[in-house]
Amino acid sequence: MSHSENKGLILGIMAGAAGISLVLVWYHKIRKPGATALLDLRNRFHYVDLQNEMHNEQGTVMALQRRQLQILEKLNGLLLNVEELKREVKFLKEAVPKLEELVRDELQGKADVRRISPSHRATRKRRAETAYGATETTSSEEADSEGGYITAHTDTEGESEEERRWISLPAESARPEKETELFNLLQQVDSLCCGSDDDKKESFRLLLEKEEKYGNHEGFLWRLARAYGDMFEMTTDIEEKKKYVANGKIVAEKAIQLDTMSADSHQWFAIMCGYMSEFDSIQNKIKNGCLFKEHLDKAIELKPQDPFLYYLNGRWCYSVAQLSWIEKKVAATLFGTPPTSTVQEALQNFLKAEEMHPGYSKYNYVFLAKCYKDLGHRSNALKYCDFASSVLPVTNEDKEAQKDLEALLLTLQL
């Protein structure tokens, strides 16, 4: 090969190398921005992933903290409940030895529990004693024309004399067995007498069973008289009524002989006399009426806080004010001076019962209306008729009062 050809070959190789170098330079210039962008994009995705991971970790920590707070609150509440339970257990431990004293205090009336008329304000719960009623075999209008006295009764207000005496007795563990048995029996019959007719019959049965054993205890005897009164009210047979009231009067009189200062004994003796007036002749009716008033006044003297006694006194005054001419003549013959009273005196007694215990009974409202009607105060009579109408008839006495109320309303509307 000639020298010129060699030179051309060398120049061609050099030109080719220079071209390749230029191509390589151009490729690097084009590739570098793209690679940098890809690198930046990859770095950004990695940063976002790190942020997400950090956010998730923070959320988990917060959730755990909230859960811990909830657990702590529940534990705190549990500890408070445990402390309260400890206090209650401590209180019960201290109270159990004093239960007998608490029961006696409640019987004595220190619990400030008042008897509420059984059907008055029907939406209210009746807690303890409900008044139990006695019915008249004739309407009060018929009883007025016959010179009848009192034939209705309810539970008495406040503690009995016998209950007050129990307070001074030693604790049950130190009492003689007989006294403990009597105490429990009297509590049981007091509870039963406030119940249904079946409960009252059971009370009567229990008392009869123990009459021979406790027949010389005043508290037992007046309760037996009360039970005879319940049986008198529940039976419709005239002969049975006479038998119950005769026996009731005997045991109540014996109770007075044992303790002349027992208000309950005087009260139930008076009620038995009132019952007997339903069947007696005019002569005996007036005798029993005078006995009724005598023992009722004694009961009021011994127990002036009982509205029931003023209600009974109002019934007596009203009945005497309605005595017929012949009955007054018989009374004058027997006693020289017949019993006297006025409708105004009856009104004052019924108002006294209402003042001491508002809403005392449906029949008290009815007799207030009767008194105002007789005195010519028609507006007041209608007002108390409305009050009586608002008391739902629950007891037997309430149902009799409802009959009298309906008859009274007819006369007021004439």
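This is a predicted model: local features need pLDDT of at least 70, side-chain atom pairs count only at pLDDT 80 or more; totals for chains, interfaces and linings use all residues.
Helix α16 spans residues 378–389 and helix α17 spans residues 396–413. Their axes come within 11 Å of each other and cross at roughly 150 degrees. Angles over 145 degrees count as roughly antiparallel, and α16 and α17 are therefore roughly antiparallel to each other. The crossing in which α16 passes α17 is left-handed. On the side of α16, the contact involves R378, A381, L382, C385, A388 and S389. These residues meet L405, L408, L409, L412 and Q413 of α17. By residue class, the contact of α16 with α17 comprises eight nonpolar residues, two polar residues and one charged residue.

The loop between α16 and α17 contains V391. The relative accessible area of V391 is 1%. Because burial is assigned under 20%, V391 is classed as buried. V391 and Y363 are separated by 28 residues in sequence, and their C-alpha atoms are 9.7 Å apart in space.

Aromatic pairing was then examined across the model, and the count comes to 16 aromatic pairs. One of these is formed by F204 and Y228, whose ring centres lie 5.1 Å apart, with 70 degrees between the planes. Planes over 60 degrees apart count as edge-to-face, and the pair of F204 and Y228 is accordingly of this kind. The pair links distant parts of the chain, since F204 lies in helix α6 (residues 197–209) and Y228 in helix α8 (residues 218–234), 24 residues apart. F204 has a relative accessibility of 10% and therefore counts as buried. Y228 also counts as buried, because its relative accessibility is 7%.

Y384 and F387 form another edge-to-face pair, with 5.4 Å between the centres and 80 degrees between the planes. Both residues of this pair lie in helix α16, three residues apart, or about one turn of the helix. With a relative accessible area of 10%, Y384 is buried. F387, at 35% relative accessibility, counts as partly exposed, because this class lies between the limits of 20% for buried and 50% for exposed.

Notes:
Residues are numbered from 1 along each chain as its sequence is written. Side-chain values use heavy atoms; hydrogens and water are left out. Axes are lines fitted to C-alpha atoms, for helices over the stretch in contact, and angles run from 0 to 180 degrees between N-to-C directions. Helices (H or I, at least four residues) and strands (E, at least two) are DSSP runs, numbered from the N terminus. Angles under 35 degrees count as roughly parallel, over 145 as roughly antiparallel, 65 to 115 as roughly perpendicular and the rest as oblique. A crossing is left-handed if the near helix is turned anticlockwise from the far one by less than a right angle, and right-handed if clockwise. Contact means heavy atoms within 4.5 Å. Ala, Val, Leu, Ile, Met, Phe, Trp, Tyr, Cys and Pro count as nonpolar, Asp, Glu, Lys and Arg as charged, and the others, Gly among them, as polar. Buried means under 20% relative accessible area, exposed over 50%, partly exposed in between (1.4 Å probe, protein chains only). Rings of Phe, Tyr and Trp (its six-membered ring) pair if their centres lie within 6.5 Å; planes under 30 degrees apart count as stacked, over 60 as edge-to-face and the rest as tilted.
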